[in-house]
Amino acid sequence: AGHKHVPYAWRLEDLFVVNTGTVSTTRLRGNTRPCYNIVEITGTHVDVWRKYPFHGSERIIQFSTETRAYEKYTDRINDIDKKGPTVKSVIELNPDAEEIATTLDRERKEGRVRGPLHGIPILIKDNIDTCDRMMTTAGSLALLGSKPLQDAFVAKKLRDAGAVILGKTNLSGWANFRSSKSSSGWSARGGQTRNPYALDRNPCGSSSGSGVAASANLCAAAI
């Protein structure tokens, strides 16, 4: 897309709009088609749509929050991120995601909903602290094994809203503070993140992993 990756999201009623900035364009024969993802939640049903301004939309995944939604995404991560085109956007999966998702599924069936993201799988960048079994390394081998003592504010708010933090995404090492000529989306720990719509193109920006993961539909949303 050629512009700096700036992810953002907002909520209107039960509609979550997620803009992935960097890779939210589909390249077709040399032309780009701007697009963005919409996560629509109706009761226990979730639809993820890819919207093309002035060119309609397509549904790219659907699931019920009463099912193990995270399994659909972990399967896709395995098929696309770790195998196949190997876009390398996910640096680590949360080993507790299955247990968390099972608990949230049970709570919803019992009529308990923690918040608007209850049971929704979300990936977060590997420089956002989480106080769990995942590491926070900023993509650096020097920080392997680093375990924060508390959640970052955004991670805590996600948990409070009921989200399943599915894992951590790759990034430009040290969020592009590694050097003045660093490669977008490359880190020593995660390797080179690749644009899922044009594998030989720059994924663009420090948050390449989050942009690619959301754009390639490896999660409902990414931070």
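The model is a prediction in which local features need pLDDT of at least 70 and side-chain atom pairs count only at pLDDT 80 or more, whereas totals for chains, interfaces and linings use all residues. Residues are numbered from 1 along each chain as its sequence is written, and side-chain values use heavy atoms, with hydrogens and water left out.

## Overall features

The secondary structure of the chain comprises four helices and 13 strands, where helices (H or I, at least four residues) and strands (E, at least two) are DSSP runs numbered from the N terminus. Of the 223 residues of the chain, 51% count as buried; here buried means under 20% relative accessible area, exposed over 50%, and partly exposed in between, with a 1.4 Å probe and protein chains only. The chain exposes about 10700 Å², of which carbon and sulfur atoms supply 52%, and these areas come from the Shrake-Rupley method with a 1.4 Å probe. Among the contacts (heavy atoms within 4.5 Å) with a separation of 6 or more, 56% are between residues 24 or more positions apart.

## Helix H2 and what follows it

Helix H2 covers residues 97-109, and its 13 residues should span 18 Å at 1.5 Å a residue, which agrees with the 18 Å between its end C-alpha atoms; the expected span is 1.5 Å times one less than the number of residues. Ala-97, Ala-101, Leu-104, Asp-105, Glu-107 and Arg-108 are buried in H2. Seen down the axis of H2, these buried residues fall within an arc of 160°, so they line one face of the helix, the arc being that of the directions from the helix axis to the C-beta atoms. An α-helix has 3.6 residues a turn, so residues three or four places apart point the same way. On the other side of H2, Glu-99 and Lys-109 are exposed. After H2 comes Gly-111, whose phi is positive, near 85°.

## Salt bridges and cysteines

The structure holds 12 salt bridges, each defined as a side-chain nitrogen of Lys or Arg within 4 Å of a carboxyl oxygen of Asp or Glu.

| Glu-110 | Arg-112 | 3.6 Å |

Asp-132 is buried, with a relative accessible area of 19%, while Arg-159 is partly exposed at 22%. Salt bridges that share partners also join Glu-107, Glu-110, Arg-112 and Arg-114 into one network, in which Arg-112 is partly exposed, with a relative accessible area of 47%.

The structure holds zero disulfides, a disulfide being a pair of cysteine sulfur atoms within 2.5 Å. Cys-131 counts as partly exposed at 42% relative accessibility, whereas Cys-219 counts as buried at 1%.

## Residues in loops

Two residues other than glycine have positive phi values, Trp-174 near 55° and Asn-217 at about 60°. Trp-174 lies in the loop between strand E10 (164-169) and strand E11 (186-187) and is partly exposed at 41% relative accessibility. Asn-217 is placed in the loop between helix H4 (208-215) and strand E13 (221-222), where Asn-217 is buried with a relative accessible area of 2%.

Pro-85 is found in the loop between helix H1 (69-82) and strand E8 (90-93), and counts as partly exposed at 30% relative accessibility. Not counting residues up to four places away in sequence, Pro-85 touches Asp-79, Ile-80, Arg-194 and Leu-199.
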